[in-house]
Amino acid sequence: MYPEANCRFAPSHEWVFVTGDVATVGISNHAQKEISDIVFIELPKVGAKVTQGKPCAVIESVKAAADFFAPVSGEVSEVNAAIVDNPALVNQEPHGAGWFFKIKMTQPAEADSLLSWADYQASCG
Amino acid sequence: MYSPHTAAEQQAMLRDIGVGSLADLLAQIPAELQASVAAWPPALTEPELLAHGRELAAQNQRLLCFAGGGAQEHHIPAAVSALIQRGEFLTAYTPYQAEASQGTLQAMYEFQSSICALYGMAAANASLYDGATALAEAANAAARITGRRVILLPETVHPEWRATLRTLFAARGEPQLVTLPCLTGRMEPEAVAAQLDDSVAALVVPSPNYFGLLEDGAALAALAKAHGALVIAVADPISLGLLAPPGAWGADFAVGEGQGLGNPLNYGGPYLGLFACRQEYLRHVPGRLCGMTTDAAGRRGFVLTLQAREQHIRRERAASNICSNQALCALAATIHLALLGPVGLREVAELNVDRAHRLAAMIAAIPGFRRRFDGAFFNEFVVECPMSATRLVKAMSKKGILAGVPLGKLYRGMDNSLLVCATGKRTADDLERYTAALRAVAS
Amino acid sequence: MNRGEPLSIEKSVPGRRALTFPSPSAPAASWLPGVALRDAPPRLPELSELDVVRHYTRLSQLNFCLDTHFYPLGSCTMKYNPRALEEFARQDGFAAAHPAAPDTAVQGTLAALHGLEQLLCQLTGLAAFTLQPAAGAHGELTGILIAAAYHRARKDRRRTEIVVPDTAHGTNPASAALGGFAVKTVATQPNGRLDVAALRAALGPQTALVMLTVPNTLGLFETQIREIAVAVHEAGALLYMDGANFNALLGLARPADFGVDILHLNLHKTFATPHGGGGPGAGPVGVTATLEPFLPLPRVVRRKGRYALQTKGARSIGRVKSFAGNVAVALKAYAYLRRHDAAALRRVAENAILNANYLRVKLRDLFPPAVDEPCLHECVLRTEPERLNGVKTLDVAKRLLDHGFYAPTIYFPLNVPEALMIEPTETETPATLDAFVAALRAIHEEARTAPEQVKSAPHNLPVRRLDELNAARNPNVAWPAQPPQ
């Protein structure tokens, strides 16, 4: 649904898929492997304002809680309830059914400043 | 004396470590900071210690207890005391290594289940420090869930709990506490409705309240919900053997003080904070939580779960800093409830109602004494006395009776008011003795 | 060996009774007209007294406990719980005391509480204590609230930050945040000691409090503690000491001498009160004379030879829980301290330090210490998975259970990968330590030759390794409200 080649990536491992002024966001395959089995996701509420680089969601595994940093700024327009009911989706399909939420961007140019898929892959080593 | 090392063993160990003396191992503490304790009493041998303990305990006056106010004297079955003194429970550690702690963990699960059953809720934690802490945590959770700041707190919630909330919340400036006056001893629906708006995260409904009186929880819950506020019930667990539980009348969270289940008065602690809530708020539950699961061979087992909520993982973003529970106190409560069963618990609750109501009637028959506040009550009630309640309590204690909790220092205009409690442990003879003493003191 | 026990509710038989009660003089409904009563009983087990005794006795047999097993848990100080403390505190005179009783009726309890406070002052060099906090984390929050009140009284509104080292226990930053402060983390050196330059850089007019654990969570004394205290005080801030590791200092050194303003102690650690499977403990907080007015109330005071509960104090932060505190726990700690004189207290710390260094030296060839230095009462060693076919600290811990030892603290402090934090305490014999060493050495060998045995441990316990992922994804925290059909 949100193929890696068509996404931009934050260095903190969140991806962005842009359609018009709406960004769908999630975590990369690299991130879900690092976090390993996800047990719960705390998503922001619809209508919440998020700021690029600031934590706006939490991903819980059994032994850890990882921050999700907003890759772009804007207002949350939709959240993916499916991953709250079934957090394993994020591990299984991080670029598909495991998407987190959608942001109506206030500064679309922010997406361009993120890493391309090639650059992100290189940075993961 | 609990350190077993002989001098020879110490020498051998120092040799193995490769140092000449113990002082070498202390070298990293700067010499000028090494200091023995100054004036320290001589060490007592074990028999001397126990003699000293007996002397001290003898300086406490054994009073026939008619005081409640968040601490009640119920009978503790001998089996409870015996079981919690088993070393396997007493000296066990927090069950982080679950495979080595299945006894403690299963007992925790049975505790959580028992509290859920009592309060009519789907989730309960493994306990908190006391009822005050449980209420503070519920208020925090309600504020987080609703995104609102205000907690409506009737003054009929235990004064020490309210003081605790004020201290804890003053630090962050939130949640904001709004006190609801209760001049009739109970909450007034119109006054409550007047305070409900979209800044209110939760309405706290104590029933029985500090004065022992019962509220119409369902009506108050409906008011709260109409304004999008959550409901935090405060209820004594023994009363719930008889009364409709908070889960049945619309509470979202339910808290209470569990001391009365299997734990002695102990001059105020350790006690037992009970915390329960509806299923949808499970991830907002603070403190320890035990969950059922399976092991690698498919066998049923128990583990601490949802630990990623907790302080050791979330650190400064944890919702609560609580990382312990009152495990042994909770175990005592669990065993007590298992001995009572649903029928026994109801019988105990009925006995409490009976004793307290008979005593209230006997006291009201003494000239100069009357009940303050109308309304149904569980096992505590307020008596208006013909003299200062504090003086009355002093005079009664000379007769070997703790007459109740004087309310003058806790509530304005209640200098002559006395909170009296009669549990199932008080016999008919005890009630006679109380009223005879009261007559004598008042005349 | 007991392999596992059904739930109490699964042994329930309708109509079975253990306790019975005299009938009331009138039915409850007649005393409570119009009151909503339960329409269905709560789902609690119906058992005989023997059923209950047998059930909980058998459950107890599924546990490791200190009475039966060595617990080298770093930062927990699992020392022997003397039974004399239980006998002391259980006496009816203490147990039956109601918290609302007049002071004159509870002089024995008040004397013991006052006595404990005096002894804790002697041990720490501080001026006053509150016994109200129910646990270490509770004590931390109390100490933070005291610091906040102190700065407010000085009318200094800029103090918004608390500084915490990256090796701190998670309760420290959690308590700081709950106290309304922002948390600034400072880096420590690889040996866990504070980087004093980094600390100085972090200090400023916004610093309210610096929280340190001394000795630190690697078992090392903060050798520059006085320099640190001077820097903290020059910045106008207060110095807080987390006393979880006080067993290393008992009778040897007094935190007030280092410049500590506030500390908490853990009665269930240093002072030998039992852990009870997770509580109750107590976390009393000590302060300098300057901070005494801010202590929570009530406190026990002595006037004209009598003890009283002081309930009023204009600058007190208020109360942090109901009543006076975990009094029965405090009585046990008082009893523990009365069994020791000054020399015996020293011996506690000295033997704790001796035991920890012995283990460090006996294990360091296979489990390298995080720091190549003598330790105090605990040492941090590392498992090296890359040398052990991928066997990790967690696996070593689980295999230790098979050998009859409770595992050390694992994965803490956070700055040491694959950490094993070992605190033997002073109450263990060299023979027990030798057996522990032998077990770890055997596990190390097994990791090299038969790693799967270690990775799938434990094998000899009532349950195998438990599925924590399932427990978190599909939480089941209570039996159902209705019996299964």
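**Figure 1. Salt bridges across the model.** Over all chains the count comes to 48 salt bridges, taking a salt bridge as a side-chain nitrogen of Lys or Arg within 4 Å of a carboxyl oxygen of Asp or Glu. This is a predicted model, so local features need pLDDT of at least 70 and side-chain atom pairs pLDDT 80 or more, while totals for chains, interfaces and linings use all residues. Side-chain values use heavy atoms, leaving out hydrogens and water; residues are numbered from 1 along each chain as its sequence is written, and chains are lettered from A and ligands numbered from 1 in the order in which they are written.

**Figure 2. Arg86(B) with Glu88(B).** The closest N and O atoms of this salt bridge sit 3.2 Å apart. Glu88(B) is buried at 18% relative accessible area, while Arg86(B), at 24%, is partly exposed. (Buried is under 20%, exposed over 50% and partly exposed in between, with a 1.4 Å probe and protein chains only.)

**Figure 3. Arg83(C) with Asp67(C).** Here the side chains meet in a salt bridge at 2.4 Å, N to O. The pair links distant parts of the chain, 16 residues apart: Arg83(C) belongs to helix H3 (residues 83-90), and Asp67(C) to the loop between helix H2 (49-60) and H3. Helices are DSSP runs (H or I, at least four residues), numbered from the N terminus. Both ends are partly exposed, Arg83(C) at 29% and Asp67(C) at 38%.

Figure 4. Elsewhere, shared partners join Arg62(B), Glu73(B), Lys425(B), Arg426(B), Asp430(B) and Asp92(C) into one salt-bridge network.

Key:
Helices (H or I, at least four residues) and strands (E, at least two) are DSSP runs, numbered from the N terminus.
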